[in-house]
Amino acid sequence: MEVKILSAKFDLEDGHKLEIAKQHGAYGTLDKLFAMKPEEVIEEVKASGLRGRGGAGFPAGVKWGFLPKGTGKPVYLAVNSDESEPATFKDRYILVKDPHMMIEGIIICSYAIGSHDTYIYIRGEYTSQVKALQAAIDEAYEAGYLGDKVAGHDFKLEVTVHRGAGAYVCGEETGLLESIEGKKGQPRAKPPFPAVSGLYGCPTIINNVQSIASLPFILEKGAEAYKAYGTEKSSGTHLFGISGHVEKPGMYELPLGLPLLEVVEKVAGGVWKGRTLKGVIPGGSSTPVLTPDEAKTVTLDYESMAEHKTMFGSGGIVVLDETVDMVKLVENLIYFYHHESCGQCTPCREGLGWMLKIIKKVVRGEGEMSDINLLLELCDNIEMKTVCVLSAACTMPVRSYLVKFRDEFDAYVSEDISTAAANQE
Amino acid sequence: MSDRSQLISTGEPFKFDQERDTEFERLIKRYPERESMILPALWLTQEQEGWISAEAIAYIADRIGTFASKVFECATFYTMYHLHPMGKYHICVCRTLSCWLRDKQAIVDFLKDEIGIEPGQKSEDGRFSLEEVECLGHCGTAPVVQINGEFHEEMDVEKLKALLAELN
């Protein structure tokens, strides 16, 4: 089931080094690129159907098309390498194993959108990864692939690595821009969208590492070759991260559209220790959980996930075995999102705190049935009432556990009910 | 980690060493606005000193030409900046979803017992500080521990014992 498009050079010894990468085709698309018009590049990417691989799944070429023309302002490219969504660990393979593929993608994107300055925003926790990335960028400068004349062509491109410092919210496009500008990573109200007014108030495109790294293949082999993988509306391949209770967790490149459970079974070795499946989180911790029954009919693409009222997200699949306590899992999730709230919007800052207090009370065995209902009510009152979707990233999955595994929550508070009933007698 | 509202003063003036000074000057040319250097300058400071003091905040503000309050704001918002000295070995255990599912708690409990401190604390001899952190992006090799920035994957108590024994 596995394919090697993005991961083609991952197994090479020293594949991250320019010399080895070049022997295997790195920077091979540049002559073709500079012979094309930027609009032609955008059309090719649109035709490929490549969708943003950060989580939202917005078509990459269409996003580029939102840039206003002739503003007289510089256009910026920000590459999102914040990768902080729990269960997501795909981009760092690109950064470490094949950084030149991403740099080539940056050149392609920059030429297409007319940008001469790229900032790669990498999460602060990625200590060794940032060193590997910077070493590759230094090599690319040295060899003339970056700088005043990219590969000898009349095109200037500067690429700068900007390190985050431990804030999940900076993975949100405008939180990321604020962070590059030297501020707290508090997302901006939209519109204006970054394509119109982004970094330093200038037109800005923000793309995920994997989206950018997909560009060399699309340019080299063409949109049709890319569309040969995946489904009609979800073309191409994706670096799926499979974690949790499977025999062989890890990062696997697969075409989109494969049946979820078959992938869990055949690629990741199935549920570990011979246990039975209790649930699957399909695309990072913010995506609603699927029951084993629901999981039976899901395929790994944007349409199928939407039909099942969940999301493809970042492709971070988490397998939960029969032993998982869903109430405690929800406590773990709420803790995370509350901790990562930037504090800007009251429903998120205060609401997630209330949710955490309530779930802790339930876990301690001091909860009442009304607390479970209150949690559901809070989800409704917080969701989509904030500047960014961080709060929804908490309430959407939490609601799914509360609804689909309600019995478990009720069991935590049922003792209280019997006590209450006894008191009434 | 712990109190993020108070800055500690060393009583000594702070400045970048030669290496950081050069890196600061290289980077500042990359940004059209000087305030973009706030995060990089905080990183350079932490690399040099291990933590960020009140004097360092003032120095960064001066170097960039901005208000110290803006530097302070970032130093407190971003949780990886240390506002007081950490242990010689700063141990971070990931506490989020995939690591939680693969029993990160056993690792935390072992460390609490072995070092004798709670997450958020530093041992009295200054050798260790312990912190539970949010998702470190190594979910496929959970549970994961970071010691002074270096990743240790697929950890368990036995491996951790061996690892601690190697530290001097």
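**Helix H6 of chain A and its surroundings**

Author: Let's take helix H6 of chain A, residues 99–113: its 15 residues reach 21 Å from the first C-alpha to the last, close to the 21 Å expected at 1.5 Å a residue. Please keep in mind that this is a predicted model. H6(A) is mostly covered, with 15 of its 15 residues buried. Just after the helix comes Gly114(A), which takes a positive phi of about 70 degrees.

What does H6(A) lie across? The helix lies across E1, strand E2 (117–122), E3 and E4 of chain A, and it runs at about 145 degrees to E1(A). Helix H7 of chain A, residues 127–142, packs on the sheet as well, where it touches E2 and E3 of chain A. The direction of H7(A) makes about 170 degrees with that of E3(A).

Now for the sheet itself. In general, strands of a sheet pair through backbone hydrogen bonds, in either a parallel or an antiparallel way. Here four strands of chain A form an open sheet in the order E3-E2-E1-E4, and the pairing is parallel. At the edges are strand E3 (158–163) and strand E4 (204–208) of chain A, each of which pairs on one side only. Neighbouring strands of this sheet are turned by 20 degrees against each other on average, direction ignored. If you zoom in on strand E1 of chain A, residues 76–81, you will find that it pairs with E4(A) in the parallel sense over five bridges. Leu77(A) stands opposite Ile205(A) in E4(A).

Leaving aside neighbours within four places in sequence, Leu42(B) is in contact with Ile52(B), Ile60(B), Cys74(B), Ala75(B) and Tyr81(B).

In all, 31 residues of chain B are in contact with 44 residues of chain A. On the side of chain B that touches chain A, helix H2 (38–49), helix H4 (68–77) and helix H5 (97–101) of chain B each supply at least two residues. H5(B) gives the largest share of that side, four residues. By class, this side of chain B has 18 nonpolar, eight polar and five charged residues.

Methods: Residues numbered from 1 in each chain as written. Chains lettered and ligands numbered in written order. Predicted model: local features only at pLDDT ≥ 70, side-chain atom pairs only at ≥ 80, totals over all residues. Expected span 1.5 Å × (residues − 1). Buried ≥ 20, exposed ≤ 12 C-beta atoms within 10 Å, placed from the backbone. Contact = placed C-beta atoms within 7 Å. Nonpolar A, V, L, I, M, F, W, Y, C, P; charged D, E, K, R; others polar. Pairing = 2+ DSSP bridges. Axes fitted to C-alpha atoms, helices over the stretch in contact; angles between N-to-C directions.
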